[in-house]
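Here's a quick briefing to read alongside the model. Have the sequence and the 3D view open as you go.

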Amino acid sequence: PPSFTDIDPLDGRGDANSTRRHRDADAEVNGNARMGDFVWRNGLGKTEDVEARRRSMISASNSGRLAWNRGKPHAEETKLKIRDGVLQTYREHPELGHETRRRQTGKKHSKETREKIRAARLRQLERDAPLRQRRLEVNARWHEILRIAERREELYVAQRSETA
């Protein structure tokens with residue numbers, strides 16, 4: 001009987017029962033337990049070379065394409081899950097944080113990189129200038145409103161103390 005590993009699960013042949021029959025036959029031929037000793041590979045290639053070639057073909061066909069989620073921000077729930085996972089990893093393996101800091105210690109950005117960072121930051125400041133101005137105006141107005149409320153309260157307290 002053909003070995004279970006000789007069947008391409010995506011070729012459209014066979015059904016769940018035939019797959020089970022082949023798996024059982026493979027276990028009998030190789031003396032493995034039905035599922036316990038079976039080695040599932042990550043991918044469909046029968047050997048490492050075939051798998052590497054398959055992956056390189058997929059990579060070549062996808063080159064130049066944009067990801068389906070490019071430009072879409074993560075949902076807040078997803079961000080929290082990512083953050084929790086990263087924090088848990090660093091909690092379980094604190095040496096990772098030390099290693100990352102150690103690798104970066106003593107290294108500086110090149111002059112070109114510093115210029116790029118500076119230019120990007122200036123563009124960001126330019127773009128956000130109207131928002132910053134608006135925020136200052138709103139804060140000033142709120143300060144005036146709060147000061148009026150404070151003054152009213154002071155006058156109220158002063159009146160109460162005069163009548164008492």
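**A buried glutamate**

Glu 51 counts as buried, at 8% relative accessibility (buried is under 20% relative accessible area, exposed over 50% and partly exposed in between, with a 1.4 Å probe and protein chains only). Keep in mind that this is a predicted model, where local features need pLDDT of at least 70, side-chain atom pairs count only at pLDDT 80 or more, and totals for chains, interfaces and linings use all residues. Numbering runs from 1 along each chain as its sequence is written, and side-chain values use heavy atoms, with hydrogens and water left out.

**Around Glu 51**
- Glu 51 sits in helix H2, residues 48-62 (helices are DSSP runs of H or I with at least four residues, strands are E runs of at least two, and both are numbered from the N terminus).
- Its side chain makes a polar contact with the side chain of Arg 55, at 2.7 Å (a pair of N or O atoms within 3.5 Å; within protein, one must be able to donate a hydrogen and the other to accept it, and residues adjacent in sequence count only if both atoms are side-chain atoms).

**The whole chain**
- The protein chain has 5 helices and 0 strands, giving the pattern α-α-α-α-α along the sequence.
- Of its 164 residues, 7% count as buried.
- Among contacts with a separation of 6 or more, 21% link residues 24 or more positions apart (contact means heavy atoms within 4.5 Å).

**Helix H3**
- Ile 82 is found in helix H3.
- Ile 82 is partly exposed, with a relative accessible area of 42%.
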